[in-house]
Amino acid sequence: MEDTPMEILTAIKRVPETGAKVSLTDDKQAIDTTSLGFTFSPHEECAVEEGVQLVEEHGGNVTILTLGAEDATEQLRSAIAMGADNGILLDGGDEEWGPVGTASAIADAVEEGDTNFDLLLFGNESADTANHQIGVRVAEQLDLPCITGIKDLDIADGIATAKRDVPGGSEVYEIDLPAVITVKEGLNEPRYPSMRAKMQARKASVDQQSPAPHEEGLELVELEVPETDDSPAEILGESPEAAEDVVDVLEELEVV
Amino acid sequence: MVLTLVEHDDGDVDDVSLQALALARDVADQTGESLDAVAFGPEADAVAEQIGAHGVQTLRVVDDDALADYAPEAYGRAVVQCAEELGTEAVIAPGTDRGAETLSHAAAKLDEPMAAEVTEVAVGEAYELTRQRWGGTLIEHSKLTADTNLLTVAANEVSAAETGGDAAAVEAFAPDVDESDLRVQLTEVEESDIEGVPLGEARVVVSGGRGTDGDFSELEALVERVPNAALGSSRAAVNEGWRPHDDQIGQTGAKIAPEIYIPCGISGAVQHMVGCKGAENILAVNTDPEAAIIQKADYAVIADLHEVAPAIAEELEARGHAE
């Protein structure tokens with residue numbers, strides 16, 4: 001059967017880059033980002049990469065969507081630089097949106113838009129809030145089939161063959177398109193955009209919309225940075241001769 | 001009543017479900033409600049016996065040929081119907097792929113909020129929750145207010161504990177599942193072709209990062225000399241293409257809980273530590289005494305892994321530890 005072009009929507013979320021220990025704002029409502037950069041989650045990088053690869057294979061378009069403040073346009077353009085075609089910013093202001101409102105806003109935008117998407121790709125969970133439910137909620141509102149946590153995906157003849165890891169192997173699902181699929185890192189190797197692609201992404205069209213807020217039922221009280229035991233390690237040595245002490249430790253733990 | 005979704009493999013209840021039962025029992029104790037469970041598939045008696053010892057009074061069993069193979073939307077529908085029929089106050093699921101997926105469908109169908117990665121619940125006028133963000137490097141305190149309180153329990157963060165009770169009573173539950181709920185259903189299970197001990201089950205995990213410079217041969221040789229050991233890696237090593245993603249330990253990779261974890265040439269970024277926080281002991285090998293991993297380890301060797309790993313293997317051999 002001849003390949004038909006695909007319309008793909010990939011959703012991403014602007015999150016702080018936290019390679020080191022995080023600190024909180026004075027009101028304990030958010031991470032203090034004054035000295036942090038921003039990115040989008042590794043799972044979502046793979047979702048963008050998969051969308052771009054599918055369009056390279058089948059033809060079509062990848063639209064990147066994000067819900068956030070206007071500065072989330074930076075992440076939209078980063079994703080476009082990876083090879084997506086255009087972006088949609090659901091301008092939610094500076095407030096943190098919960099999973100019910102986020103999913104509702106995304107599904108409303110899809111329902112009200114002009115494009116009939118064949119595939120909606122999400123990260124399995126966002127790096128920051130880890131709510132694990134946006135993709136499923138969007139699928140439920142749009143009455144689309146959905147599978148989560150995917151690490152291998154193949155599309156042929158309007159059917160997605162999707163696999164996810166389980167201990168000792170992987171589960172295989174076959175799903176008719178259109179569908180919602182949430183992915184995990186390891187699905188592919190996201191590309192680094194070229195400087196030329198980054199420059200072009202600055203000019204790509206970004207459609208800006210204002211979603212309606214939604215009752216959440218889950219209200220943030222405050223955040224807390226857990227205490228960690230940062231007592232120094234017992235130094236067994238500074239040369240290969242420390243191997244004797246290492247094996248002593250392994251023997252004490254009865255693992256050898 | 002508090003209803004808990006229980007996963008099992010041919011009657012063998014999975015660990016994360018037992019952990020979810022511990023938190024669910026705490027909620028039931030606080031509310032003065034009974035603790036019940038719902039499970040799918042045959043082997044009800046074996047499941048009932050195990051979960052009875054964890055405080056479950058009644059097990060609702062969905063044993064339907066159409067649902068013999070996992071189908072997330074249908075399972076979500078069944079959980080909704082079971083919760084509605086029983087008039088349950090809370091539905092609690094294990095924080096597994098299936099648990100989160102099934103409960104997300106249930107939450108959407110009920111039009112209720114759902115809290116994921118929960119570790120504690122204090123029941124007052126609302127459910128006051130403690131839950132994990134950023135893989136547990138940040139804790140969220142929040143209030144859940146709903147007619148049916150839906151939450152998943154963070155994996156390996158709550159200790160399962162037996163109460164010593166008798167087997168749970170078993171009652172069949174027959175959900176009214178629509179054909180359209182079966183549009184996503186497990187087609188087959190492929191066995192992994194990866195040999196050796198799975199990372200999640202290993203008692204010893206040795207892993208390498210950027211400090212390996214791409215040469216994992218000494219670490220592979222060391223792992224072969226230790227029983228029940230597995231080889232892992234950092235995200236940096238995966239990004240360099242040195243190791244497959246299946247080996248990656250961290251927030252977006254494998255979560256491990258060995259008796260000892262031996263990271264070699266790994267700096268100890270927050271995201272990596274999320275993957276190994278379940279380790280009982282950490283023995284870091286690193287040339288940099290200032291590396292973050294040294295602060296987080298119990299033991300450390302400040303030296304080149306390419307020299308230390310072969311020396312450990314030789315010492316194991318000299319002391320007669322079997323290959």
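This is a predicted model: local features need pLDDT of at least 70, side-chain atom pairs count only at pLDDT 80 or more; totals for chains, interfaces and linings use all residues.
Local features here need pLDDT of at least 70, side-chain atom pairs count only at pLDDT 80 or more, and totals for chains, interfaces and linings use all residues. Residues are numbered from 1 along each chain as its sequence is written, chains are lettered from A in the order in which they are written, and side-chain values use heavy atoms, with hydrogens and water left out.

Visitor: How many residues does the contact take from chain B?
Guide: Contact means heavy atoms within 4.5 Å. By that rule chain A gives 81 residues. The number from chain B is 80 residues.

Visitor: About what area do chain B and chain A bury between them?
Guide: Buried area is the accessible area (1.4 Å probe) that two parts lose on being put together, summed over both. Of this area, 55% lies on carbon and sulfur atoms. In chain B, the residues that lose the most area to chain A are B:Arg133, B:Trp134 and B:Arg183, together 10% of what that side buries. The area buried between the two chains is about 6,800 Å².

Visitor: How many salt bridges are there between chain B and chain A?
Guide: A salt bridge is a side-chain nitrogen of Lys or Arg within 4 Å of a carboxyl oxygen of Asp or Glu. One pair is B:Arg98 with A:Glu171, whose closest N and O atoms are 2.7 Å apart. Over all chains the count is 32. Between chain B and chain A it is eleven.

Visitor: Which helix gives the largest share of the side of chain B that touches chain A?
Guide: Helices (H or I, at least four residues) and strands (E, at least two) are DSSP runs, numbered from the N terminus. The share in question is nine residues, from residues 97-110. The helix is H4 of chain B.

Visitor: Which residue of chain A forms a salt bridge with B:Arg133?
Guide: B:Arg133 lies in strand E8 (residues 127-133) of chain B, and its partner in the loop between strand E5 (86-91) and helix H3 (99-112) of chain A. The closest N and O atoms are 2.6 Å apart, and the partner is A:Glu96.

Visitor: Which side chain does B:Glu117 join in a polar contact?
Guide: B:Glu117, in strand E7 (residues 114-123) of chain B, is buried yet has no salt bridge. A polar contact is a pair of N or O atoms within 3.5 Å; within protein, one must be able to donate a hydrogen and the other to accept it, and residues adjacent in sequence count only if both atoms are side-chain atoms. The distance is 2.9 Å, and the side chain is that of A:His132.

Technical notes:
Buried means under 20% relative accessible area, exposed over 50%, partly exposed in between (1.4 Å probe, protein chains only). Lys and Arg count as positive and Asp and Glu as negative; His and the chain ends are not counted.
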